[in-house]
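Please open the structure in a viewer and keep the selection panel at hand.

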Amino acid sequence: MEKDARIYVAGHRGLVGSAIVRRLRAEGFTNLLLRTRAELDLTRQTEVEAFFAAERPAYVFLAAAKVGGILANDTYGGDFIRDNLLIQTHVIEAARQTDVQKLLFLGSSCIYPKFAPQPMPENCLLTGILEPTNEPYAVAKIAGLTMVKAYRKQYGFNGISLMPTNLYGPGDNFDLTSSHVLAALLRKFHEARLTSAPTVTVWGTGKPRREFLHVDDLADAALFLMQRYESEDPINVGVGEDISIGELAMMIRDIVGYTGDIIYDTAKPDGTPRKLLDVSRLHALGWQARIGLREGIAATYAWYCAHHGG
């Protein structure tokens, strides 16, 4: 990728997109094409086609997506499948029509089967049932992966697909009705500390295990793979280690400085029992995550306090 190449980062204000923009700018890429949702609605085909025809990006990082935690996915499944299908279909097709040199599509670890082998290798995709609470989102993302692969075969389209694990970091969504677990717990413990609440309630049993990758590490991996990865097969991006939700809650409680008790609401769903990615292929290419979980959470909490009040 040339430093002055025209690079479109779709979803540049989101958690992932903003991290990719930071990484590209840090590496000296100067010709970034960025549009807000008000300026370019990716669910509208005519708008997307007009943008690509006018701007002719050479590279595309497709980080735009409708995302959320277990509650949002379970409640608004129709919105999740519709919006994600529309966004990715319009962007990938417009990229093909305008001869984009390379497109990077972001899948998600949550689209693997609910009872996939652990750690999850890339070839276990589509080998079992999905987690019901996020099935609409998963089906949309699987369609995106399949579209990229099919376009490579039929049109010679240069697209790659990444499968990142659970993400967190600056710019995360901390809305308790739509956030992912780590961000939700940070906010819960923060507010409990401020109000001296005696307890904090955590959904489920605390037993499910999750892997967490700092979004700046994902952005680094995305740039690394955009420049070096050429396979039609999706590639996992993670740290290769996981932690139980209960252990995560205790770590966040300690980082925030909350001294009350943790209560588990076992009437709420746990979701998939375990989600750990097999990142051996990524490691073999020469990339590994660098930001430790405790270090990353502490930095994210500092960002949260600075932007949402301490």
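The stops that follow each name a selection and describe what is found there.

This is a predicted model, in which local features need pLDDT of at least 70 and side-chain atom pairs count only at pLDDT 80 or more, while totals for chains, interfaces and linings use all residues. Residues are numbered from 1 along each chain as its sequence is written, and side-chain values use heavy atoms, with hydrogens and water left out.

**The whole chain**

Begin with a cartoon of the chain, which shows 10 helices and 13 strands. Helices (H or I, at least four residues) and strands (E, at least two) are DSSP runs, numbered from the N terminus. The C-alpha trace spans about 60 × 40 × 40 Å along its principal axes. The radius of gyration of the chain is 19 Å, in agreement with the value near 19 Å that a compact globule of 310 residues would have; this radius is taken over C-alpha atoms, and the globule rule is 2.2 Å times the number of residues to the power 0.38.

Of the 310 residues, 52% are buried. Buried means under 20% relative accessible area, exposed over 50%, and partly exposed in between (1.4 Å probe, protein chains only). Among contacts (heavy atoms within 4.5 Å) between residues at least 6 apart in sequence, 81% join residues at least 24 apart.

**The nonpolar cores**

Next, select Tyr8, Leu42, Phe52 and Ile92, which touch the most other members of the largest nonpolar core, a set of 40 residues. Such a core consists of buried Ala, Val, Leu, Ile, Met, Phe, Trp, Tyr and Cys residues joined through side-chain atoms within 4.5 Å. Two or more residues each come from strand 1 (7-10), helix 2 (45-55), strand 3 (59-62), helix 4 (77-97), strand 4 and helix 5. Helix 5 gives the largest share, seven residues.

Which residues does Leu42 touch, not counting residues up to four places away in sequence? Display Tyr8, Ala10, Val48, Ala64, Leu86, Ile87, His90 and Val91 around Leu42 to see them. Then select Ala5, Val21, Leu218 and Met226, which are among the members of a second, separate core of 35 residues.

**The loop between strand 4 and helix 5**

Move to the loop between strand 4 (102-106) and helix 5 (135-155), where Ser109 is found. Is Ser109 buried or exposed? Ser109 is buried, because its relative accessible area is 2%. Beyond residues up to four places away in sequence, Ser109 touches Met120, Pro164, Thr165, Asn166, Lys275 and Leu277.

Pro119 also has its place in the loop between strand 4 and helix 5. Select Gln118 together with Pro119 to view the cis peptide bond that joins them, with omega of about -10°. Leu126 lies in this loop between strand 4 and helix 5 as well. Phi of Leu126 is positive, near 65°, in a residue other than glycine, and Leu126 is exposed, with a relative accessible area of 63%.

**Two further loops**

Asn158 sits in the loop between helix 5 and strand 5 (159-164). Asn158 is partly exposed, at 23% relative accessible area. Leaving aside neighbours within four places in sequence, Asn158 is in contact with Gln101, Lys102, Leu103, Arg152 and Glu230.

Finally, select Ser196 in the loop between helix 6 (181-195) and strand 7 (199-203). Ser196 is not a glycine, although its phi is positive at about 55°. With a relative accessible area of 61%, Ser196 is exposed.
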